[in-house]
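Student: Could we go through the charged and aromatic side-chain contacts in this model, with the cut-offs stated as we go?

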Amino acid sequence: MFEGLSQNLVFGILVGSLYGLAAMGLSMIFGVTKLLNVAHGELIMFGGYACFWAFSLLDIDPFLTIPLAMLALFLIGAVLYSLVFSRTIKLPDESKVKNSLLVAFGLSVILQNLALRFWTADERGVTPAYYQTSFTALEVRFPLVRLASFAVALIFLIALRLFLKNTYTGKAIRATVQNWEAASLMGIDIHKVYLLSFSIGAALAGVAGTLVVTNYSIQPAMGLGWTMKALIVMVLGGLGSIPGTFIGGLILGVTESATSFFINSNYREVAGLILFVLVLIFRPQGLFGTKES
């Protein structure tokens, strides 16, 4: 009993780190621009395909494809923002959320059908030579691929935190979040800040995609499921809170894993939604957010 519970909790934490990374990009975009990009799951899907083709055609280790996926999704994010989302950026926040939501829904359908057209509906995955490798500590098994994915997620959380806190560009982003009008008066080009923030969020989706295709499988219709995970995690952690989003991912992962262990694996998704609703009712700003967010 104890060994099984420990194994499930470890599994939940490792999976939750992937949820947190998947939501970090969405939280970055929404926290800065107030654009609700529900096509975020499709960006994760494109990151997964970038990893898959680099591994299949060039035999590059999936974790070494992360810079490639980041660059590809950074450029895709910049193009999508410039051509699509920049049209709504000047609207009031409430209208911006509604309009970006509608635009992103249409975009998700387009991206999904493009993937279907180019890569068919077949499920694809990446299986490096060490895929089955694991080690045991205290009678709990730790799969190497999932541990590496956890480490990658943690590294990007710390790197993003340091970038926002210590660099001039990061401080400009934070200033824009606090008061974009004052930031504009201080000489900050807020449109470049919005473009950069959206592109960074898309790049983080690319990182998440490489880890998803390494741990699971990908196919063109996967986007909605990962968008829902990211939205739940973002609300759990607090809108715009990057560390809170990562912790929210861990909480969701542990909740789903505990539900599978104590009740039934068929109810793991339901448990996450119940947790989501409870947070919305009793703490709508999220577990680590503030009322202003």
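Student: Which residue meets Arg268 in a salt bridge?
Tutor: This is a predicted model, in which local features need pLDDT of at least 70 and side-chain atom pairs count only at pLDDT 80 or more, while totals for chains, interfaces and linings use all residues. Residues are numbered from 1 along each chain as its sequence is written, and side-chain values use heavy atoms, with hydrogens and water left out. A salt bridge here is a side-chain nitrogen of Lys or Arg within 4 Å of a carboxyl oxygen of Asp or Glu. At 3.0 Å from N to O, the side chain of Arg268 meets that of Glu256.

Student: How many residues apart in sequence are the parts that Arg268 and Glu256 tie together?
Tutor: Helices are DSSP runs (H or I, at least four residues), numbered from the N terminus. Arg268 lies in helix α11 and Glu256 in helix α10, so the parts that this pair ties together are separated in sequence by 12 residues.

Student: Is Glu256 buried or exposed?
Tutor: Relative accessible area, taken with a 1.4 Å probe on protein chains only, decides this: under 20% is buried, over 50% exposed, and in between partly exposed. Arg268 is partly exposed at 22%. Glu256, with a relative accessible area of 1%, is therefore buried.

Student: Which helix holds Lys229, the residue that pairs with Glu269?
Tutor: The side chains of Lys229 and Glu269 meet in a salt bridge, at 3.0 Å from N to O. Glu269 lies in helix α11 (residues 268-282), so its pairing with Lys229 ties together parts 40 residues apart in sequence, and the helix holding Lys229 is α9.

Student: How far apart are the closest N and O atoms of Lys229 and Glu256?
Tutor: Lys229 sits in helix α9 (residues 223-237) and Glu256 in helix α10 (residues 242-262), 27 residues apart. Both of these residues are buried, and their salt bridge has its closest N and O atoms separated by 2.4 Å.

Student: Turning to the rings, is the pair of Phe52 and Trp53 stacked or edge-to-face?
Tutor: Rings of Phe, Tyr and Trp (its six-membered ring) pair if their centres lie within 6.5 Å; planes under 30 degrees apart count as stacked, over 60 as edge-to-face and the rest as tilted. The centres of the Phe52 and Trp53 rings are 4.9 Å apart and their planes are at 75°, so the pair is edge-to-face.

Technical notes
Helix = DSSP H or I, 4+ residues; strand = E, 2+ residues; numbered from the N terminus.
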